[in-house]
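Dear colleague,

Please find below the structure that I am handing over to you.

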Amino acid sequence: MIKITNLEKFYRTEEVETIALNKLSMHVDTGEFVAIMGPSGCGKSTLLNILGMLDDPDEGSYVFNDIEVAHFNERKRADLRKHNIGFVFQSFNLIDELTVFENVELPLIYTGVSAAERVKRVEEVLDKMQIMHRRNHYPQQLSGGQQQRVAIARAVVNKPKLILADEPTGNLDSSNGNDVMELLTDLNEQGTTIIMVTHSEHDARYSHRIIRLLDGQTVMENIMV
Amino acid sequence: MLKNYFKTAWRSFWKHRSTGFINIAGLSVGMAAAVLIFIWVHNEFTFDDDQPDAENVYRITSHLAISKNETWVWESAPYQLGLEAKKTMPEVVAVTRVLPFHWEPMYLSINNEFFKEENAAYIDESWFNVFKTNFVSGNAIAFNQNPFSIILSESKAKKYFANQDAVGKIIRIDSANYQVQAVVKDAPANSSFKFDLFIPIAARQADAQEKKNDMSWGNFSYITFLKFKPGTNIKQATENLKSIIKPHRDKNDNLNITLRNLKAMHFESDLQNSGLVHAEKKVVYIFVILGALLLIIACINYVNLTTARASLRAKEVSIKKIVGAGRGHLFNQFVAESAVISVLALVLTVIIVSAALPSFNSFTNRNFSLTTGSAYLWLIMIGTLLLTIILNSIYPAVLLSSFKPLSAFRGGSVMKIKDTSLRKGLVVLQFTFSIFLIIGVITIYKQLSFVQSQNPGYDRSQIMSFNLSWKLLKGMKDDQKAAVKSTLKQAILQEPFVNGVSLVGMESIQSNGSFSSGSADWEGRPKDFNPSITYFNVDGDYNKLVNINFTSGRWFFPGSVDKRNVIINETAAKQFNLHKPYVGQRFIAQGDTGVVVGVVKDFNFQSMHAKITPVVFKLDQQWSSNYLVKVAPHKQAQAIARMESIWKQNFPDQPFSYQFLDQEFDKIYREDAKASTLMSGFAVVAIIISCLGLFGLAAFTAEQRGKEIGIRKVLGASIAGLVSLLSVEFVVLVLVALVIAAPLAYWLMNLWLQNFAYRISMQWWIFMAAGFVAVLIAFATVGLQTIKAAMANPVKSLRSE
């Protein structure tokens, strides 16, 4: 599903050039659950942003579903992204002004799904995440675990092929964290590819494969059994 | 989708309602000012537009060259010219004439009660054929058949006869009875003909003497309109008119005739005077600019506050982009937000406008209303709304929707230098406008108080004046007239509370600027030197009332010793180049050979717009009809009551009407006072709007620099130090605005001061004062926010990173 080759990304300020990704190569197959680990500043988030087409690489190739996207402009990337990729963040990133229902509905609005269909699909996914009873609440009225479940609901409502999760349990206690990991595992078992950045060895154990990064390069790959 | 935009927009507004209300308040104040101005401007540009066939209606204009450099232009023509044109020019479909009754007020007597009517006119029988008029009751046929008829406007009919039908009622004017034959709708706000009362010209010409006067080819009294067949060659028609009038004029006189289209009349600027409604095009353009500026200033607030808050919304924008929103979606959303704010502002605008309309009407002397036949008014409102939405939404929407989702997550640095400097530029623009207006207000105020405090060179306090209308003495022989006038003077002098009476020829001491030339001679006058002279025809008591200062010589002696002698002012002595000593020089004035018996110090006998020109005082009572009465201090009411009863005994058919010279003096600066009021109004609006913007911006800056403030505080910065750190930025903006506004104001206000012959100079302290006021206002606005920020607990701001 994903194949990147010799990917490079620099950050420049006026005097300093920082290399975030240094000729990084890797691939992820459809249906995999991959964890990316590494210390702060190793390039994990940069990699996730490029994989999610939020950012573009300076050099190298990124093939997504057999399409070379490294040189895509923002509009094309956005189009590809909204139909194929769902995001889950450490800090949930729900919109405070919108209710649970409306937050989950948002991606469907932007992909032009009809109103009746939207209601059906949002209710379906809220039901699955067991937060249907909170549908008219605002994010601030929910616990962290509930918020993350809303975020996951939003990530999957469009039935994406790939979910990118950036430390999804980072802001949660261990019990809520385990619930979130179970949810992701379920999704993966139903066929969704998942790439997750994490600091937690415990969470990483839910994955099939761990990619360890250091200074913008792959240093080790563990296959989980 | 649309519903979603407005739902989100409404929630976003509600969540940030304090900023929202700042936006709405500023916008609606600006929009209301702009709407009022645009209503007026629209009205000025559509004068007489709704007259049918306006393009075929022309007015005869007369140009008379009185010297090489001076031509008098009149809107009127001889009565006979219209008659002849109708008879001999086949291209003329209709001719109509009007004689506005504007040189003195008309007094109506209704059930023995007097009413003063300012907007009366004599019209001929074709008037209502040429000019569309809506009759409420009655018709023009009866009006045209009977000379002693009246047509009233609806509002005056209501005023005089309440709810009764006015048609058939009798109104007495002077000593004749007139019958109301019809009531017509009030003239619309964009009509040149604001008449409330019409009388047939036939009524005036029922008097044989009047008719004889009117039929003279030298009497240019009648405003004459010609309606032509469509497609008429106006140049040829003008030539035809000239050939009609030519045989009736001197061979060598310099009369020229032109035709002016009805629609071109409103902005005429070359007329000597006018009985119709006119305006200056320049003034209208200035108001268009002011209106647009006020609206822009108000929109700047929205743009600034919205873009300033952009970083706070960066997260929302980023999330939406990540879950699939395109730029178009976000752009539309921000336009929707601006639309929500603007529509709310429009609601408030309508409330402000309708509340302000009555005073606006009396100020502009027009008759606007929000309800009656005002589709254009709503168009103006909607237009203003759309303009506001466009001004408000384009830049913020482009900016906000252009965020890269990543940069938003990476931290607050969304807004880099480029944008903040634009925002500062806009604040500078707002304050430049405000400071300019403040300087304008100070300058106008200083000039007006200069004018009012300036010693005019004579005493005008406690002097009331009233006029003996020529109509009251009609038909009397000269000696009879003199007897009536002198009896009245003696009667008044007998009254208690009266300290002196003088009978004079001019309206009041402010001579209305009537000049004559070629009527004086003295030793050494070059043959071709005929300066304009203002004659003060006075009696011997005049100077007891007004106490003019003398530089040499004396006032006239009582009796008739000085009958042929004159007193002149300093300017006259200098301009005439009289031999010294001035007193005793031979002087011939209006055919009387005498000597100069005195020279008075120059005094401002006109408004200070005009330079002091030569004045000659003469003892001459023949045409005098104005009584000046010096009243004892604190006895005004009693004196007026006594005066009125004397008047009633002598002239029961005419109401007693009087003025005090002080008030007359204030009246000549009425237009200037209006300019001052207007300027203050604009200044207040501009300052309110600018401060609202500054307030919001300061709040935002304080919020954004929270971390910096926290760090500085931890490191030991004092609260005072922090407040000045935060405020200084805004004060600098205001100072930059001052630097831009000062030369601009210097230039424009000097142009305005050129209108005065006697004026103040623009001193440095005016600019300092305006700058000081602006800085003070800015500091007061910003201060509260910065103090709040400086007092905040640093732990809070540092943790929230």
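Chain B has 25 helices and 25 strands, where helices (H or I, at least four residues) and strands (E, at least two) are DSSP runs numbered from the N terminus. The model is predicted: local features need pLDDT of at least 70, side-chain atom pairs count only at pLDDT 80 or more, and totals for chains, interfaces and linings use all residues. Residues are numbered from 1 along each chain as its sequence is written, while chains are lettered from A and ligands numbered from 1 in the order in which they are written.

Along the principal axes, the C-alpha atoms of chain B fill a box of roughly 105 × 65 × 55 Å. Of the 801 residues in chain B, 39% are buried (20 or more other C-beta atoms within 10 Å of the residue's own, with C-beta atoms placed from the backbone).

UniProt, in an unreviewed entry, lists "transmembrane region" at several spans of chain B, including residues 283-305 and 425-445; such annotations may be inferred rather than shown by experiment. Residues 283-305 of chain B are 100% helix, with end C-alpha atoms 33 Å apart. Residues 425-445 of chain B are also 100% helix, and their end C-alpha atoms lie 30 Å apart.

In chain A, the axes of helix H3 (residues 100-110) and helix H5 (residues 144-156) come within 7 Å and cross at roughly 25°, the axes being lines fitted to C-alpha atoms over the stretch in contact, with angles from 0 to 180 degrees between N-to-C directions. H3(A) is therefore roughly parallel to H5(A) (angles under 35 degrees).

How values were computed: A residue is buried if 20 or more other C-beta atoms lie within 10 Å of its own, exposed if 12 or fewer, and partly exposed in between; C-beta atoms are placed from the backbone. Angles under 35 degrees count as roughly parallel, over 145 as roughly antiparallel, 65 to 115 as roughly perpendicular and the rest as oblique.
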